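Trainee: I would like to learn how to read chain contacts and a helix packing face in a model of this kind. Could we take them one at a time?

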Amino acid sequence: METIFTYLGYFFVALGAIFLFLGALGIYRMPDLYTRVQAGTKASTLGAMSLILGVAFLEPDWWIKLLIMILFIAFSNPLSSHAIARGSYKHNLKPFSKEQVDAYEEVEESKEEQK
Amino acid sequence: MLFEDYFNLVIMAIISLAFLLGMVRFIKGPTASDRVVALDTISTLAIAAMVYMAHIYGRFIYVDVSLVYAVLGFIGVLAFARYLEGGI
Amino acid sequence: MKKKTQKWGRFLYTWLILMIVWYAYTVSLAPAELITGFVVTGLIAAFNFASFTHYGFSLFHPRRIYYIFQFSIVFLVALVKSNIQVAKIVLHPKLPVNPGIVKFKSSLKSDFAKMVLANTITLTPGTLTVDLIDDEFYIHWLNMTSHDEAGIYQDIAADFEKILIKIFDK
């Protein structure tokens, strides 16, 4: 039973697996925490969404629940990466920056002064 | 049929390689935050792997397992971020 | 009087959304499941609708649906494009990154629209919302291409904000 949907499913699954791998490679290679969050969690988010979409094409009976999973991943992942980034900044983990551009520093300093 | 078997093997191999890279960062990571980021990526990988295994074995129940795992991983990361901010 | 009807609208909207999620998740038509879902989602909606939505059914206005559709297309294109950019950086042997935290002012009024903009910026790789204070966004940028505020705004948020203003601030 090879239809166009099967091939579409294979295509999305392969694309998803490649992006998952690139996300993990980003986690491994990037120089500091914030860039790791950038490259790691988000490339792997697109990878997971694409892979689940591919499975939804391969198994048409499951598409409702798989759609819920895609939506959940799309909503929850930006929240968690934002939470990690802000928490780490408040924990005094300074970002690596070649040109020393850090606009958020003044906000934290003014908060320290208020205390 | 043969093509499908090879395809599944290649996909699972790529995902396991990604697992390995994530684990290296999890063990090396200089700070606790790096480990949590690595853990977050690994749990996304695990979700994707479980959904794909559900397709390979044809069992719908694995999808439920991965959905619950997604929710729990999300809550765990939020709790850790709250701890870093000094909330807990 | 108008406020009261609006409250009912928001409550019914919340109930409807939660019920759709419940039925999509259980995927069964057994009467016990249907009744449980009806009652439980009703209770949750009654206690939580105030924080769940500020818009209610007015989100389903045809003009808004059109712009939401347009927004999702712009968003998907940006998502794929920026993912390919990050993939190139990761695969490049020298890892050409130039990161830094920048800020820009948004002209959006409502909190919900700001939340959507912040999440959109985070979900497109290369940019990550670190914090959001009043109407100032603090963004960690993987590969800075401009340094003055107007250029930053133009590069990161202009495309999304144009449409979001049409959806939420009218």
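Trainee: How many residues of chain B are in contact with chain A, and how many residues of chain A are in contact with them?

Mentor: Please keep in mind that this is a predicted model. In general, the size of an interface is often given as the accessible area lost when the parts come together. Here we count residues instead, with contact meaning C-beta atoms within 7 Å, and on that basis 36 residues of chain B touch 42 residues of chain A. On the side of chain B that touches chain A, at least two residues come from each of α1 (2-28), α2 (32-57) and α3 (61-85) of chain B, and α2(B) gives the most, with 14 residues.

Trainee: Which residues of helix α6 of chain C are buried, and why do they line one face of the helix?

Mentor: In α6 (residues 158-168) of chain C, the buried residues are C:Leu164, C:Ile167 and C:Phe168. Viewed down the axis of α6(C), the buried residues fall within an arc of 70 degrees, and therefore they line one face of the helix. Those buried residues of α6(C) pack against α3 (62-91) and α4 (111-123) of chain C.

Terms used
Residues are numbered from 1 along each chain as its sequence is written. Chains are lettered from A and ligands numbered from 1 in the order in which they are written. This is a predicted model: local features need pLDDT of at least 70, side-chain atom pairs count only at pLDDT 80 or more; totals for chains, interfaces and linings use all residues. Two residues are in contact if their C-beta atoms, placed from the backbone, lie within 7 Å. Helices (H or I, at least four residues) and strands (E, at least two) are DSSP runs, numbered from the N terminus. A residue is buried if 20 or more other C-beta atoms lie within 10 Å of its own, exposed if 12 or fewer, and partly exposed in between; C-beta atoms are placed from the backbone. The arc is that of the directions from the helix axis to the C-beta atoms.
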